[in-house]
Amino acid sequence: MPASSDRPPSTATGQAPSNLDPGSRGRTGLWLVGARGAISTCVAYGIAGIRHDLIPSVGLPSAYPPLSGLDLVSLDDFVLGGHDVCTRDLSASAGELVAAGILPADLVSMVRDDAARFEAAIRPGILDVAETGFRDLDPRAAALGSLAPAEQSAAIEADLVAFREEHDLDRVVVVYLASTEAAVARQEAWNSGPEFEKAVAAGVPQPASLLYAYAAIRTGSPFVNFTPSIGANVPALMEMAATLGVPIAGNDGKTGETLVKTALAPMFRARALQVLAWQGYNMLGNRDGEVLRNPSHKAAKLESKDAALRSILGGATGATDGPHTQVSIDYVPSLGDWKTAWDFIHFEGFLGAKMSMQFTWSGCDSALAAPLVIDLARFADLAARSGESGALTHLGCYFKSPLQSREHDFHRQMEALYAYAQKHTAR
């Protein structure tokens with residue numbers, strides 16, 4: 001860890017003092033949906049590693065000024081639990097990441113007790129019937145997936161309440177990290193809270209991510225959707241979250257290629273360079289890549305990845321009045337948890353000169369995503385203690401499709417987050 005004074009402390013408890021006193025900061029539950037997936041595994045071992053001063057806080061924005069000045073929950077005060085639909089245990093997921101060169105083997109060995117406590121708190125989740133062809137699926141999750149929506153929601157709520165009571169937690173933050181859902185037609189009932197609740201009671205099938213968001217809101221648990229799935233992104237649940245005083249955030253974590261796009265595209269706009277085409281190509285392995293082989297699952301992901309770029313540069317995909325933008329995704333099993341993205345940018349400058357730029361991004365999605373998940377959980381907890389509710393628009397920099405915000409310029413998004421931090425620390 002660098003010794004420079006402008007670097008954050010390597011331990012979770014060594015935070016800068018804050019003037020903010022938004023209420024009691026006790027123990028907080030971090031409930032991960034997709035608890036044995038690669039991102040959740042990195043979250044669990046990362047938190048344990050920082051707690052025991054085994055790894056630095058690199059990649060964790062909340063550990064650095066000016067965000068470290070906020071009265072965020074200490075990583076020492078997080079208690080982990082979650083839902084999953086597979087039968088493999090956390091150690092198997094960790095083993096895969098060790099083999100891939102992502103998790104350090106000595107870290108996994110040294111925090112095995114922390115990992116065991118997390119594993120003991122994982123419960124069967126709701127299995128989407130569209131996932132029944134995948135391996136290692138838990139029959140208990142399949143049974144939950146066959147229940148009526150009201151029963152599914154009640155089961156999630158019961159697990160959240162039991163977890164909170166068993167560990168004497170002040171609150172539970174739910175972070176949705178499950179595989180991307182298939183695209184579905186939007187329901188008329190999603191436009192109103194009462195109509196949505198009638199549809200649930202009547203047994204109208206609902207996407208799992210929406211039911212998780214519904215259950216979280218009903219139990220007063222802040223909800224974060226790190227996936228392109230619907231989550232709380234319907235008027236009915238946004239209305240409910242605001243009414244019940246529950247913070248929500250999403251959608252689709254911005255970790256790699258899209259992060260670069262939303263940082264780079266404003267440069268072309270600022271220099272009045274006309275982007276003619278921006279073509280992207282992604283290759284990835286692991287379960288996420290396997291799920292995205294299905295066209296209906298891939299559709300939601302592609303829309304999320306492309307929308308940010310179109311918003312910054314203007315125009316729609318294939319439109320004649322804006323740049324041509326397109327992104328594609330292919331599954332390459334041998335890549336495992338590593339992802340490679342290649343982008344080609346064709347643009348026009350002064351005197352009509354046409355030029356191009358290319359970049360390749362190669363990174364580990366889980367290692368990039370995990371610290372953002374930790375940050376989002378800390379900010380959601382702070383929002384709940386501060387009496388904030390509804391969409392947390394200041395967290396837009398963490399997402400490809402931020403709730404209730406049309407701002408996609410990464411630099412402007414960061415300015416909004418820093419302004420939020422300055423406002424709170426100045427109290």
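Let's start at Asp138, which sits in the loop between strand 3 (122-124) and helix 5 (139-145). Keep in mind that this is a predicted model. From that loop, the tour moves on to a pair of packed helices, the nonpolar cores and some aromatic rings.

- Asp138 has a relative accessibility of 5%, so it counts as buried, the cut-off being under 20%.
- Leaving out residues up to four places away in sequence, Asp138 touches Val85, Cys86, Thr87 and Pro124.

**Helix 1 against helix 2**
- Two packed helices are described by the angle between their axes and the distance between the axes.
- Here, helix 1 (residues 38-51) packs against helix 2 (residues 90-99) at an angle of about 95°, and their axes are 10 Å apart.
- Angles from 65 to 115 degrees count as roughly perpendicular, so that is the label for helix 1 and helix 2.
- On the helix 1 side, the contact is made by Ala38, Thr41, Cys42 and Tyr45. Facing them from helix 2 are Leu90, Ser91, Ser93, Ala94 and Leu97.
- Sort the residues of this contact by type and you get six nonpolar, three polar and no charged.

**The nonpolar cores**
- In soluble globular proteins, nonpolar side chains tend to be buried together.
- The largest nonpolar core in this model has 59 residues. Leu30, Val43, Tyr45, Leu395 and Tyr398 have the most contacts inside it.
- Helix 13 (residues 365-385) gives the most to this core, namely 11 residues.
- There's also a second, separate core of 37 residues, and Ala121, Ile217, Ile230 and Leu403 are among its members.
- Back to Tyr45, which turned up in both the helix 1 contact and the largest core. Not counting residues up to four places away in sequence, Tyr45 touches Leu90, Ser91, Ala94, Leu103, Leu107, Val108, Val111 and Ala115.

**Aromatic rings**
- The count of aromatic pairs comes to seven.
- One of them joins Tyr176 and Tyr212: the ring centres are 5.7 Å apart, with 55° between the planes, and the pair is tilted.
- This pair links distant parts of the chain, with Tyr176 in strand 4 (residues 171-176) and Tyr212 in helix 8 (residues 208-218), 36 residues apart.
- Are these two tyrosines buried or exposed? Tyr176 counts as buried because its relative accessibility is 2%, and Tyr212 is buried too, with a relative accessible area of 3%.
- Elsewhere, ring pairs link Phe268, Trp278 and Phe347 into a cluster.

Definitions and conventions:
Residues numbered from 1 in each chain as written. Predicted model: local features only at pLDDT ≥ 70, side-chain atom pairs only at ≥ 80, totals over all residues. Heavy atoms only, no water. Core = buried A, V, L, I, M, F, W, Y, C linked by side-chain atoms within 4.5 Å. Buried < 20%, exposed > 50% of the residue type's maximum accessible area, 1.4 Å probe, protein only. Helix = DSSP H or I, 4+ residues; strand = E, 2+ residues; numbered from the N terminus. Contact = heavy atoms within 4.5 Å. Phe/Tyr/Trp six-rings, centres within 6.5 Å; stacked < 30°, edge-to-face > 60°. Axes fitted to C-alpha atoms, helices over the stretch in contact; angles between N-to-C directions. Parallel < 35°, antiparallel > 145°, perpendicular 65-115°, else oblique. Nonpolar A, V, L, I, M, F, W, Y, C, P; charged D, E, K, R; others polar.
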